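Trainee: Could we go through this one together? I would like to learn what stands behind each label before I use it.

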Amino acid sequence: MTTSCTLTEYEVLNDTLPNKIYLILTPFIICIGLIGNILTVFVFVLTDLKRQSVSIITIALAIADSFVLLIPVAIIWLEKILRRELTDLSPFWCRTHGFFDLTFTCCSSWLMVCIAFERFCAVWLPHSNKAIFTHRKILIIVLIIVLTSTILSTWFMFVVKTANIQTSFLKNSTENTLSTLDNRSIIQSSWKCNPIDDSLYDSMGMFSVIINYILPFIFLLLLNSTVIYRLCQRGIVDLRSSITVMLTLVCVVHLFCTLPFQCWWIYYEVQDQTGDCSWLKKKLTWHAITFTIRNLNYMANFFLYSCSSKLFRNELKSLIVLSLLPHERYQSYHYRRQSLYDNTQQQRISLTQLIMKRLSRTTPYNNVGAIHSVAVEIPLTSLNEHG
């Protein structure tokens with residue numbers, strides 16, 4: 001994108017409210033998001049929630065979100081704070097900073113699609129869901145998503161280049177008013193990261209936006225709409241403990257958090273018609289707003305799990321108690337439980353119902369006939385023996 005504005009990005013955004021909010025919130029988003037994602041991994045690995053096949057996807061999602069916060073989000077925030085392009089420090093960061101961002105965001109979006117599809121099958125095909133989504137198949141799907149995301153993001157390393165720029169500074173020193181000027185030229189060399197071709201960079205960037213955001217957005221919208229419709233049809237879903245409700249809420253929040261950033265990319269492709277810095281300022285202001293909202297998505301999953309699932313809260317409390325009070329009775333109490341899906345009461349009811357159904361299916365005539373025949377044979381045998 002070309003513009004006649006001669007100011008830098010940091011000068012344009014200086015003292016603007018969206019930029020201040022972005023600079024203040026981003027370190028909290030990074031720290032809280034990393035802690036929440038680590039706790040999410042612990043809960044889904046160390047508790048009975050690991051029995052759910054979807055737990056593999058949630059673990060991979062937490063890891064991908066952590067890498068998004070740790071590398072691209074943190075680097076961009078540091079650039080804003082230091083007012084310096086960190087990607088210009090070395091050719092490595094020039095070619096890889098965008099690659100990391102594209103790879104991890106692509107993984108996160110398509111793992112969300114995988115979660116939505118698994119819940120779709122769990123709601124619409126409950127009898128076949130466990131056969132379709134086994135732990136082995138889920139692990140293969142996650143590996144395919146990671147590999148495909150990595151391959152689709154390698155284009156960034158080939159459309160940027162580093163140039164060695166030499167900057168000359170002229171230093172004038174005078175010994176006295178009548179002395180001659182002593183001109184000394186000091187040459188400094190530095191790296192500069194730039195795209196090879198602006199049009200190619202913009203077109204490939206739009207391709208990545210479609211793959212990373214727009215297509216997953218469409219799939220998530222369709223799948224979650226059908227899941228919500230099915231849940232409304234049933235009308236018996238426990239909103240406090242349902243795994244489906246928890247994961248559907250996570251997908252819906254992902255939709256709302258990533259939609260503004262998609263709209264910004266479309267707005268970014270609009271040509272500058274102002275001829276001054278007003279368009280650039282508006283573009284960068286909306287980027288700060290939408291980018292902050294997008295980053296909230298990579299922090300929010302832990303809180304969504306905790307708020308929407310009683311099961312997750314119970315597991316988290318158990319882990320905290322066991323870590324703070326590692327007493328034997330707490331450990332025996334924790335590991336003695338066979339399931340954390342509130343099945344203790346349900347198993348009693350289902351067992352009673354099973355016994356009653358089994359008794360109700362017993363046919364009295366066949367049993368009576370068998371008993372009667374045995375009763376008749378015994379006296380006849382005894383009579384024959386006694387002559």
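Mentor: Happy to. Keep in mind that this is a predicted model. Let's begin with residues 54-78: the span is 100% helix and 0% strand, and its end C-alpha atoms lie 35 Å apart.

Trainee: What makes residues 54-78 a "transmembrane region" here?

Mentor: That label comes from UniProt, in an unreviewed entry, which lists residues 21-47, 54-78, 138-160, 210-231 and 243-267. Such annotations may be inferred rather than shown by experiment.

Trainee: Why is the pair Asp48 and Arg51 called a salt bridge?

Mentor: The rule asks for a side-chain nitrogen of Lys or Arg within 4 Å of a carboxyl oxygen of Asp or Glu. Asp48 and Arg51 have an N to O distance of 3.8 Å, so the pair qualifies. By this rule the count comes to 3 salt bridges.

Trainee: How do you know that Asp48 is buried?

Mentor: Buried means under 20% relative accessible area. Asp48 has 15% relative accessibility, so Asp48 counts as buried.

Trainee: What makes Glu118 and Arg119 a salt bridge, and why are these residues called buried?

Mentor: Their closest N and O atoms are 2.7 Å apart, and the limit is 4 Å, so the pair is a salt bridge. Glu118 has a relative accessible area of 1%, so it is buried. Arg119, at 7% relative accessibility, therefore counts as buried too.

Trainee: What about Arg294 and Asp101?

Mentor: The closest N and O atoms of Arg294 and Asp101 are 3.7 Å apart, so this pair also meets the 4 Å rule. The pair links distant parts of the chain: Arg294 sits in helix H10 and Asp101 in helix H4, 193 residues apart. Both Arg294 and Asp101 are buried.

Trainee: What makes a set of residues a nonpolar core, and which residues have the most contacts inside the largest one?

Mentor: The residues must be buried, of a listed nonpolar type, and joined through side-chain atoms within 4.5 Å. The largest such core has 41 residues, and Ile57, Leu111 and Tyr305 have the most contacts inside it. Among the elements giving two or more residues to this core are helix H3 (54-82), helix H4 (91-124) and helix H10 (278-308). Apart from it lies another core, of 25 residues, including Trp77 and Trp265.

Trainee: Which residues is Leu111 in contact with, beyond its neighbours within four places in sequence?

Mentor: Those are Ile57, Ala60, Leu61, Ala64, Val142 and Ile145.

Conventions. Residues are numbered from 1 along each chain as its sequence is written. This is a predicted model: local features need pLDDT of at least 70, side-chain atom pairs count only at pLDDT 80 or more; totals for chains, interfaces and linings use all residues. Side-chain values use heavy atoms; hydrogens and water are left out. Helices (H or I, at least four residues) and strands (E, at least two) are DSSP runs, numbered from the N terminus. Buried means under 20% relative accessible area, exposed over 50%, partly exposed in between (1.4 Å probe, protein chains only). Contact means heavy atoms within 4.5 Å.
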